[in-house]
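Let's take a friendly tour of this chain, starting with a pocket and moving on to some aromatic rings.

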Amino acid sequence: MKERSIDILRENELMNTFDLSRLCARVLTCKEMNDEEITMLLSAPQWCDPMRAVGMREVIDRICLAREQKEQVLVCGDYDADGICGTAILVDALRSFGIQTGFYIPNRLTEGYGLHSETIDMAKAKGYSLLITVDNGVRAFEAVRHAKNAGMDVIVTDHHVLDETQPLLCDLLLHPQRMGEDFRMLSGAGIAFEITRALQIQKDKYVVYAGIAAIGDVMEMRGETRMIVKQCIKILNQNRVRSIQLLANDSSAWDETKIAFQIVPKINVTGRLADRCNANNTVRYLLSEDGNVLINVSKQIHSLNDMRKSMSTQMMEVALKKITADSAFIIVSDASFHEGIVGLVAGKLCEQFQRPCMVLAPKGDLLRGSIRSVPGVDLSSFFNDLSCLKEFGGHAMAAGIAFDRHDLGKVELYAQQHIQSLLPLAADEPIYIPIEKDLLTAKEVKSLSMLRPFGNGFEEPRFCVKDLSIRSARILGNQQHMKWVEESGMELLYFNVKDRMYDLKEGGFKKFAGKLSVNHFHHQEKVNMILETIER
């Protein structure tokens with residue numbers, strides 16, 4: 001395993017200057033952050049003035065005009081976490097602002113991504129005169145042109161890569177690349193959130209929705225996005241958004257929260273949860289704002305989540321059998337794959353193999369799928385020179401793609417050839433921060449919380465420690481996982497290592513590496529290390 005070198009002088013300097021624990025100082029030393037960056041990281045968070053964002057004034061003026069003229073406004077969203085959360089934010093805010101507002105989220109399986117001319121026709125027929133896109137629109141050249149020809153105004157709010165070679169005929173554009181440095185890392189929901197701040201309509205749930213979107217879209221933890229996620233976590237810890245809190249209290253919390261957001265906007269964008277007791281148990285229901293029961297959320301969430309787990313497990317098994325071990329860019333497709341789960345499988349494969357992964361499902365004459373990447377391989381520009389793509393959109397680390405089935409060989413050849421020039425830039429394996437045994441205390445590990453939130457661009461630190469005094473080892477989960485207990489009580493957990501179990505039973509390991517956390521159980525605190533690799 002690779003280890004970072006430690007500058008002890010700089011580490012001591014940071015401890016004294018910023019009153020940091022040694023573990024925090026070591027992490028910041030290894031991240032090579034200067035004093036100005038550290039000061040900003042540790043300072044009390046401050047929101048930026050949303051009206052400083054380039055283009056915001058014009059957008060707010062047009063929204064105010066829509067209210068004055070009693071126009072109907074349609075928010076055109078997307079079907080992923082970012083698009084749905086952004087739609088929920090903006091619809092609720094515009095209604096609170098006094099505007100008659102509708103929303104449209106395309107069906108992923110039948111309509112695909114983005115704004116379509118058919119949606120424009122439906123909106124025109126229903127009397128909408130202003131369209132506002134959320135998390136889409138910068139590539140909807142035909143649909144925007146269609147809307148303008150129909151006499152409608154269009155505001156595009158999107159954070160996907162702009163195509164500077166084609167003119168976008170929208171009336172106004174709000175995009176992080178143009179809004180200014182503080183706003184550069186916003187997701188689609190983040191932009192929607194900034195609009196609500198500019199309208200001076202502020203609700204805790206907007207922060208939480210924008211925070212979930214930023215995490216779901218793997219946005220860089222800088223500028224306003226870092227502020228949004230930090231405040232999102234604070235609000236959730238204070239139980240100030242009851243609906244999300246109730247969902248997150250269930251098992252498989254984040255997966256279920258994501259699924260819930262797929263359900264909620266199609267029923268009621270501003271739905272909330274409440275508990276209702278009967279003679280046998282407590283059942284959770286989704287309620288509209290007037291208190292009407294709409295759906296038994298808990299039962300449907302668990303059913304959907306179980307189905308999702310089963311399907312993704314099956315897809316992973318098929319994918320693992322089809323992967324070519326020497327592929328620098330993993331591309332896998334199968335007739336059994338479901339389009340709605342390709343992103344989950346691509347993410348798991350990318351994490352396991354530390355290589356870019358594309359997972360494709362058949363859709364008529366097309367192959368449509370999701371891609372996940374690694375540092376050093378920017379998906380937003382990777383396929384610029386490939387002309388056969390029917391659909392493409394996304395970000396540096398995640399993207400969606402579609403092309404004709406007969407072009408699969410062409411896409412595979414392009415990816416394998418193009419990746420070669422980028423391989424020196426890509427992270428081939430994690431680099432771990434070496435620490436001593438005496439730093440493995442609950443106090444030291446808990447001190448890392450002052451550096452949170454971790455995420456893209458400010459990754460959670462990985463540590464390695466050697467010469468631990470292991471007092472016991474135990475096999476867990478039907479020969480799937482391994483647990484070691486150190487003499488201090490610290491637990492080291494190694495998950496999904498069935499293929500290595502024979503070797504692990506032999507023991508004799510001298511070095512352990514992974515991520516640290518503190519587990520609270522029966523009013524006791526215990527340090528855990530979730531292992532990524534071990535060495536003898």
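## A pocket and an aromatic cluster

The second largest pocket holds about 770 Å³ of space. A pocket here is an open set of points on a 1 Å grid over the protein atoms alone, where a 1.4 Å probe fits, with protein on both sides within 12 Å along at least five of seven lines; lining residues have an atom within 4 Å of a point. The volume is the space filled by probe spheres set on the points, which are joined across faces, edges and corners. This is a predicted model, in which local features need pLDDT of at least 70 and side-chain atom pairs pLDDT 80 or more, while totals for chains, interfaces and linings use all residues. Residues are numbered from 1 along each chain, and side-chain values use heavy atoms, without hydrogens and water.

The lining of this second largest pocket has 22 residues, with Met 40, Leu 41, Arg 222, Gly 223 and Arg 226 nearest its centre.

Turning to the rings, Phe 329, Phe 382, Phe 383, Phe 392 and Tyr 414 form one aromatic cluster. Rings of Phe, Tyr and Trp (its six-membered ring) pair if their centres lie within 6.5 Å; planes under 30 degrees apart are stacked, over 60 edge-to-face and the rest tilted. By this rule there are 11 aromatic pairs; two of them follow.

| Pair | Centre to centre | Between planes | Type |
|---|---|---|---|
| Phe 383 and Phe 392 | 5.6 Å | 55° | tilted |
| Phe 383 and Tyr 414 | 5.9 Å | 25° | stacked |
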